[in-house]
Amino acid sequence: MDAPARSRLTSTQVGVAACIHSRHHDGRERQAWLPRLLAFDDPCASPFVVQLLGEYVLEIVTEIESTLRSGSTAARTIERLTAFVDGNAPFMALTRDRARSYWWKYHMYPHATFADYPAARALDLLEDRARGASS
C-alpha cells in the first residue's frame, strides 16, 4: 500500500492493514508494517504480534523485544499482549517451539543459547507477566 492510499485510512484501518501485512510472504514487508502493528492499541492485534515472535526474521523479533523493554509505550503494549498470552497457552507453546526451531536453524551462532535469543527473551517477559497477573 503506497503512502497516499495509507494517508486516507483511519487509525483503525491502518491497524487492521498492519495485522494483514504482518502475514505477508515477504519478511521485509512484515518488518515495514511492524511499527504500525505495535502502535495499534487494540486487542485484536495481539495474536499477530505474538505470532511474529515465532518466525525467522531476526530484525522483527529484535524490534518487538526492544519495544517491550522501551519506556512509556512498553507498559501498555505488554498489558495488551499479556492479556492474550494469559488465555492462549497452546498458541504460546507452539510459538515458543517455532521460535526455538528458527533459533536452532538460523540464529544459534550469534545467540549461543535459546535464552539469549530476542524472541525467547520477549516470550519469557510476556509469559512471566501473564503468570504474575493471574496469581
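1. In this predicted model, the aromatic side chains form six pairs, counting rings whose centres lie within 6.5 Å. A pair of aromatic rings is described by the distance of the centres and the angle of the planes. For F84 and F91, the ring centres are 5.5 Å apart and the planes stand at 80 degrees, so this pair is edge-to-face; the cut-off for that class is an angle over 60 degrees.

2. The two partners of this pair may be considered by their accessibility. F84 has a relative accessibility of 15% and therefore counts as buried. F91, at 23%, counts as partly exposed. The limit that applies here is 20%, since buried means under 20% relative accessible area.

3. A further aromatic grouping deserves mention. W103, W104, F114 and Y117 belong to one aromatic cluster.

4. As to the fold, the protein chain is built with eight helices and zero strands. Its radius of gyration is 15 Å, close to the 14 Å given by the globule rule for 135 residues, so the chain is as compact as a globular protein of that length. Along the principal axes, the C-alpha atoms occupy a box of roughly 45 × 35 × 30 Å.

5. Among contacts with a separation of 6 or more, 66% join residues 24 or more positions apart. Of the 135 residues, 41% count as buried.

6. The accessible surface of the protein chain amounts to about 7300 Å², and carbon and sulfur atoms contribute 56% of it. With regard to charge, there are 16 positive and 16 negative side chains, and the centres of these two sets lie 2 Å apart.

7. Leaving aside residues up to four places away in sequence, E127 touches V85, M92 and R96. Contact here requires heavy atoms within 4.5 Å.

8. G87 is situated in the loop that links α6 (72-86) to α7 (89-107). At 59% relative accessibility, G87 counts as exposed, because the cut-off for that class is over 50%. The C-alpha atoms of G87 and S7 are separated by 35 Å in space, and the two residues by 80 positions in sequence.

9. A5 has a relative accessibility of 22% and so counts as partly exposed. Between the C-alpha atoms of A5 and T82 the distance is 33 Å, with 77 residues separating them along the chain.

10. P35 lies within helix α3, which covers residues 27-39. Its relative accessibility is 43%, so P35 counts as partly exposed. The C-alpha atom of P35 is 9.9 Å from that of G15, a residue 20 positions away along the chain.

Terms used: Residues are numbered from 1 along each chain as its sequence is written. This is a predicted model: local features need pLDDT of at least 70, side-chain atom pairs count only at pLDDT 80 or more; totals for chains, interfaces and linings use all residues. Side-chain values use heavy atoms; hydrogens and water are left out. Helices (H or I, at least four residues) and strands (E, at least two) are DSSP runs, numbered from the N terminus. The radius of gyration is taken over C-alpha atoms; the globule rule is 2.2 Å times the number of residues to the power 0.38. Buried means under 20% relative accessible area, exposed over 50%, partly exposed in between (1.4 Å probe, protein chains only). Accessible areas come from the Shrake-Rupley method with a 1.4 Å probe; for residues, only the protein chains shown count as cover. Lys and Arg count as positive and Asp and Glu as negative; His and the chain ends are not counted. The place of a charge is taken as NZ of Lys, CZ of Arg, CG of Asp or CD of Glu. Rings of Phe, Tyr and Trp (its six-membered ring) pair if their centres lie within 6.5 Å; planes under 30 degrees apart count as stacked, over 60 as edge-to-face and the rest as tilted.
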